[in-house]
Amino acid sequence: MVQHNRLSHALLFLGKEGSGALQLAMAFAQFITCKPSTVAPAEPSLFGEPEPVLPIQNQVSSNDSCGTCPSCKKAQELVHPDIHFSYPVIPRKSGDKPIATDYITEWREFIKLNPYGNVYDWLQFINAENKQGNITALECNDIL
Ligand SMILES: [Zn+2]
């Protein structure tokens with residue numbers, strides 16, 4: 001899709017529990033936001049002439065992110081401004097209308113500790129106990 005510039009506006013990564021669908025989606029998001037330097041630094045050759053300048057993009061796989069550019073680092077730390085997360089949350093107190101962003105600190109910690117965790121693990125992580133997590137209409141509006 002990326003190589004043929006046919007990226008859809010939305011993709012659903014659906015997999016059985018433990019299959020790593022979330023990790024795959026996050027890796028894909030990192031890949032499409034990866035911005036490696038486009039020009040390698042020119043170094044003098046043994047004969048004193050600069051080597052031809054090759055785009056770094058041609059030196060790394062076009063099937064994966066570089067993993068080292070500032071964009072990849074932000075994606076890995078779950079702080080990339082163009083990568084958003086939505087997940088069920090619970091009100092912190094009665095009457096609250098929480099959105100996922102209210103729990104972003106907990107989410108980042110959860111994902112680092114439980115890369116293959118499920119929604120039950122997540123809700124236990126935020127001490128939902130027997131409360132049902134919810135993606136609210138407010139959350140949907142926030143996504144829009
Ligand atoms: Zn990168």
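The model is predicted: local features need pLDDT of at least 70, side-chain atom pairs count only at pLDDT 80 or more, and totals for chains, interfaces and linings use all residues. Residues are numbered from 1 along each chain as its sequence is written.

The chain has 5 helices and 0 strands. From the N terminus on, the order of elements is α-α-α-α-α. Here helices (H or I, at least four residues) and strands (E, at least two) are DSSP runs, numbered from the N terminus. Of the 144 residues in the chain, 7% are buried. A residue is termed buried if 20 or more other C-beta atoms lie within 10 Å of its own, exposed if 12 or fewer, and partly exposed in between, with C-beta atoms placed from the backbone. Contacts were also examined by sequence separation. Two residues are in contact if their C-beta atoms, placed from the backbone, lie within 7 Å. Among contacts between residues at least 6 apart in sequence, 52% join residues at least 24 apart.

N5 belongs to the segment before α1 (21-33). Its phi is near 55°, a positive value in a residue other than glycine. N5 is exposed because 6 other C-beta atoms lie within 10 Å. N127 sits in the loop between α4 (119-125) and α5 (137-143). Phi of N127 is near 55°, again positive in a residue other than glycine. N127 has 10 C-beta neighbours inside 10 Å and therefore counts as exposed.

A128 is also placed in the loop between α4 and α5. This alanine has 18 C-beta neighbours inside 10 Å, so A128 counts as partly exposed. With residues up to four places away in sequence left out, A128 touches I90, L123 and G133. The C-alpha atoms of A128 and V89 are separated by 8.3 Å. Along the chain, A128 and V89 are 39 residues apart.

H84 lies in another part of the chain, the loop between α2 (70-76) and α3 (104-113). H84 counts as exposed because it has 12 C-beta neighbours inside 10 Å. A separation of 9.5 Å divides the C-alpha atoms of H84 and A100. These two residues, H84 and A100, are 16 residues apart along the chain.
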